[in-house]
Amino acid sequence: MEKSVGLCFSMAPLFLMLCFLLPVALAAHNYGEALSKSILFFEAQRSGFLPSSQRVHWRGNSGLNDGKTSGVDLVGGYYDAGDNVKFGLPMAFTVTMMSWSILEYGNQMGSSGELGHAIDAVKWGTDYLIKAHPEPNVLYGEVGDGNTDHFCWQRPEDMTTSRAAYRIDPNHPGSDLAGETAAAMAAASMVFRRYNPSYSAELLKHASQLFAFADKYRGKYDSSITVAQKYYRSVSGYADELLWAAAWMYKATNNEYYLNYLGNNGDALGGTGWGMTEFGWDVKYAGVQTLVAKFLMAGKGGRNTQVLEKYQEKAEFFMCSCLGKGNRNAQKTPGGLIFRQRWNNMQFVTSASFLATVYSDYLTSAGKSLKCAFGNVSPAELLSFAKSQVDYILGDNPRATSYMVGYGNNYPRQVHHRASSIVSYKVDPTFVSCRGGYATWYSRKGNDPNLLTGAIVGGPDAYDNFADQRDNYEQTEPATYNNAPLLGLLARLHGGHNGYNQLLPVQLPSLKPIANKPTPAAPATKPAVKPAPVAVSSTKLVAITQKVTSSWVAKGKTYYRYSTTITNKSSKKLKNIRVYISKLYGPLWGLTKSGDSYFFPSWINTLGAGKSIEFVYIHSASPAEVSVSSYTLV
């Protein structure tokens, strides 16, 4: 869990970060392995009903009544760090950065076999964000609170702490929270555009509403959700999130309204003036400036070019600062790591390194170099900077310590993380009490009983010192927003670039499984439409068809009985078939539900070549949306 700290900023250009490559030759790292593990970490942070595809087996269901006291379903989403609270602002930023990673380097993820897992990680977040936005001008920004959570040391599966839900609305605004969530929805909508157009459109609708809400009803979210102030205080205010959201809305829609918003508000909201010392869940200026620079290099400035060039100047000063070639440069440790603050410094390392990586590729695609105050810089040098930071994280540092749990041989084993530090509920279901967890598990000096694979911990101090102790929360606590930018970094370092134009929209590769949208609450009325038989989903290996087998009228509504058939068109048997169903407003027979997925009955182990299975459902609406998201050929 983050603790809010003050920011340093200046009207001078950005002076964020300085780094040097370590002066000694070190062994090459397995970036593909690190990518796989960094994605796996998100499964350990899941809240809600865990799916059968869950790979972190020591976790169980948790937070199953979240939102109930407020009359809204807020089950799901991510715990932010080593606690059991769901904070909306860092969660939305995590989703934005995971989506940006996929949009830039999805092809590399596909080549490594991790694109499906990365998209699943995004969807786990966006499914929750959709639930958290039940009305155009209402957004739930927190479930639980840090004060009661910090009083207890419990597994998520056992927690007895407050699960109160906190929201923003027109009378209690939160432009920073709504803006970041709009950015997350817009970025994710592009991820799903090819794989699930209806879900993509749903996300974009939410993004548009949230941007309008953030812009019309202005205010800081932590003035409305005051319990967040101690942990995720919006020190920078909301101006940067309004610009950040506008940039992502323009990228997702190509609507000139959002580009004009960036042009018209660049000075007033600080996009052309403020030079910040960080990029992260609170301060978005460097991210906005990098995106705007991409728009300019792609020739999209139009009548706003002159103003947008000021954004780009700040973006380039940020990059020069990282290399130590700016007018003001950032602090670094003796081992070469960017150092911003003692509490969870790694969040700034991964986020700044991601910006440097994408900017390096933008420059390469544009055939340009970077002009710094103390010399020109090639795109390759900028990428080398990012690589040096990743290599430090993975073990190329004075302590030879990997700050990714489970990577290498020397990594943190006493992580400040409730779930990993307490024996798994599946191993010993004995209830762990609030204070008993502190007495038995928190104070325990041994290694964590559960390996938090892929987690990036807070990292060393300003002198490369690090103490692997559970109570050393400043250095040993992980966070989702530490890992999110790292997905793109590791994919790029593992997969290379392949010479495509990074200024054009990246065409993501074909994907199985295909993610689908969550089941919404049934509306008050549904149109009574009797559709023709329709093939809902069809691939070379699996076909899905639906037809209406009967209908009747009851209490003024027309109900339909649908028969849905899943057919194995391959020459092999299918096993472990996972089905997603959305827009279902009635009972279903023939499948077993687990979490947000459906599975064949337990007595059907496989579906033979050419064989079919049928299930039926009844509701007073058009056919539900059905897709097979994963299966195994045997």
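**Helix α18 and beyond**

Analyst: Helix α18 is mostly covered, with 14 of its 16 residues buried. Buried means under 20% relative accessible area; exposed is over 50%, and partly exposed lies in between (1.4 Å probe, protein chains only). This is a predicted model, where local features need pLDDT of at least 70, side-chain atom pairs count only at pLDDT 80 or more, and totals for chains, interfaces and linings use all residues. Residues are numbered from 1 along each chain as its sequence is written, and side-chain values use heavy atoms, with hydrogens and water left out.

α18 covers residues 480-495. Helices (H or I, at least four residues) and strands (E, at least two) are DSSP runs, numbered from the N terminus. From first C-alpha to last, α18 reaches 23 Å, close to the 22 Å expected at 1.5 Å a residue. That expected span is 1.5 Å times one less than the number of residues. At L486, α18 bends by about 30°. The bend is the angle between axes fitted to the seven residues ending there and the seven starting there. Just after the helix, G496 takes a positive phi of about 75°.

Now helix α6, residues 197-216. Its end C-alpha atoms are 29 Å apart, which agrees with the 28 Å that its 20 residues should span at 1.5 Å a residue. Its buried residues include Y199, H206, L210 and F213. Among the elements covering the buried residues of α6 are β3 (139-143), β4 (165-168) and α5. Contact means heavy atoms within 4.5 Å.

Helix α5 (residues 175-191) contains S175. S175 counts as buried because its relative accessibility is 0%. Its side chain reaches the backbone oxygen of Y217 at 3.2 Å. Beyond four places away in sequence, S175 touches A214, Y217, R218, G219, Y238, E241 and L242.

α5 also lies across β3 and β4, running at about 100° to β3. Axes are lines fitted to C-alpha atoms, for helices over the stretch in contact; angles run from 0 to 180 degrees between N-to-C directions. Three strands form an open antiparallel sheet in the order β2-β3-β4. The edge strands are β2 (86-87) and β4, each pairing on one side only. Two strands pair if DSSP finds at least two bridges between them. β3 and β4 pair over four bridges. There, E142 stands opposite Y166 in β4.

Definitions and conventions:
Polar contact = N/O pair within 3.5 Å; in protein donor to acceptor, adjacent residues only side chain to side chain.
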